[in-house]
Amino acid sequence: MTDGQGIAEADQDDELSGLLTGLGRAFGGALLFCLPMLMTMEMWELGFAMDRWRLLLLLLTSLPMLMFLSHYSGFEATWDWKEDLRDVAIAYGIGLVSSIVVLGVLAVIGPQMHASELIGKIVIHTIPGALGALLGRSQFGPNEDNEEKREQSYGSELGIMAAGALYLGLNVAPTEEMILIAFRMSSLQSLLLIGLSLLLMHGFVFASEFKGGSEVREDTRWWSEFMRFTVVGYAIALAISCYVLWTFGRLDGLSLSTSLYVLVVLSFPAAIGAAAARLIL
Amino acid sequence: MTASASDGPSSRSARIATAIEWTLAAVSGVIILGLAGYLLFEAVTKTGSHPVLILRIDGIEAMPDGAVVDLSVLNTGHATAAEIEIEGTLGTGPDAITSTATLDYAPAESTSPVALVFNRPVSANELALRVLGYRDP
């Protein structure tokens, strides 16, 4: 064996073990992020009860979000759309496999079920699983490239917030508690919840300044940060919550005002998810 | 984050980016203020504390061994009702057949679907509907 061959083989070994480590992290991420949903009764029911067009649309709209996440922090530091697409496909695969294994072991799915129920239950869990696979990669990954990743454009900061809002929103939107809480709340409590969401969000935005998250200069006024990150972030949380609630049929038959109450309730965790994502990712 | 127009040589793209940031901020601010304003309006104007439930027949579908009556439960009140018991009675006297259904929630000012099942054909004019009861969510 020549030296050249030796080095090439060593490189291949490195690449292979790197890939396996990446896959392991992705599986870990998929489980960590998806387990609450895999163990929620309403998610199983949605698998066979939810509107098929909305499920298909959720699958399609998750693609650009996952592409963005892969671009931002995927299995590898990629900037090429083909590689991002490949990573997203792997993430879907990991979400699919982890959903099938966990749902099968938990007796949520079984061979006696009709294909429509089986596929519905698996698909609805695959999407958060894929999201978790990509997020997990960035969380369990090495820290050394974090500094370089911190240089973010405003657009990608908003994208990160959307991903955070989608993650926490997906986790709680299917539960009956979201509508139940909204039914029990008064208008004034809803108003207070909006205030509380904005306040807590701004706390996270403020905290991310210390992490060196965004280029906050000494002379940046607090209201400038508040308007550009907190207010826009809350609007993103509202939009994502609205989409997720509609997807899960939680707004069906509700009047405008009742829908707004439910929207404000779900936007609370979504807003925290959005703000925390900038700090964590 | 994009550089603001105030620092250093302000390029055209930086100015555009700043304009986009502030446009987004303004639009978001208007949405949130609108939402808060609507809730404040509701807090002041909608003070009714009881659900007002109305039952409406949406359709009667013949089945192999009877019929299914599709109903809408309209709650025109300002409060939500939970666990609404609905009863439908076909005919009168000893031959009357009753059927009941329970609805999880009838949200305020909203419409919720429910169905009653009978073991014989149903015509709308012989069907009597009523709400037996509900509780606060």
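The following paragraphs describe the two chains of a predicted model, the contact between them and a few residues worth a look.

Residues are numbered from 1 along each chain as its sequence is written, and chains are lettered from A and ligands numbered from 1 in the order in which they are written. In this predicted model, local features need pLDDT of at least 70 and side-chain atom pairs count only at pLDDT 80 or more, while totals for chains, interfaces and linings use all residues; side-chain values use heavy atoms, with hydrogens and water left out.

Of the 281 residues in chain A, 52% are buried; here buried means under 20% relative accessible area, exposed over 50%, and partly exposed in between (1.4 Å probe, protein chains only). The accessible surface of chain A is about 13100 Å², and carbon and sulfur atoms hold 67% of this surface. Such areas come from the Shrake-Rupley method with a 1.4 Å probe, and for residues only the protein chains shown count as cover. Among contacts in chain A with a separation of 6 or more, 83% join residues 24 or more positions apart, a contact being heavy atoms within 4.5 Å.

Chain B has another make-up, with one helix and six strands, which run α-β-β-β-β-β-β from the N terminus. Buried residues account for 36% of its 137 residues. In chain B, 60% of the contacts with a separation of 6 or more involve residues 24 or more positions apart. About 7500 Å² of chain B is accessible surface, with 59% belonging to carbon and sulfur atoms.

How do the chains meet? The contact draws 39 residues from chain A and 28 residues from chain B. Together the chains bury about 2900 Å², 70% of it on carbon and sulfur atoms; buried area is the accessible area (1.4 Å probe) that two parts lose on being put together, summed over both. Between the chains there are 12 residue pairs in polar contact, both residues at pLDDT 80 or more. A polar contact is a pair of N or O atoms within 3.5 Å; within protein, one must be able to donate a hydrogen and the other to accept it, and residues adjacent in sequence count only if both atoms are side-chain atoms. On the side of chain B that touches chain A, α1 (12–45) and β5 (110–118) each supply at least two residues, and α1(B) gives the largest share, 15 residues.

In chain A, R54(A) and D252(A) form one with an N to O distance of 3.2 Å. This pair links distant parts of the chain, 198 residues apart: R54(A) sits in helix α3 (residues 52–73), and D252(A) in the loop between α10 (222–247) and α11 (256–280). R54(A) is buried at 15% relative accessible area, whereas D252(A) is partly exposed at 44%. In chain B, E87(B) and R130(B) pair at 3.4 Å, N to O. E87(B) belongs to strand β3 (residues 81–90) and R130(B) to strand β6 (residues 127–135), so this bridge ties together parts 43 residues apart in sequence.

One salt bridge is found between the chains: R228(A) meets E21(B), with the closest N and O atoms 2.7 Å apart. R228(A) also pairs with E225(A), at 3.6 Å between the closest N and O atoms. E225(A) and R228(A) lie three residues apart in helix α10 of chain A, about one turn of the helix, and both are buried.

Two backbone angles deserve a mention. Most residues other than glycine have a negative phi. A107(A), however, has a positive phi near 65°; A107(A) is in the loop between α4 (81–105) and α5 (115–140) of chain A and is exposed at 62% relative accessibility. E109(B) likewise has a positive phi, about 55°, and lies in the loop between β4 (97–106) and β5 of chain B.

Terms used. A salt bridge is a side-chain nitrogen of Lys or Arg within 4 Å of a carboxyl oxygen of Asp or Glu. Helices (H or I, at least four residues) and strands (E, at least two) are DSSP runs, numbered from the N terminus.
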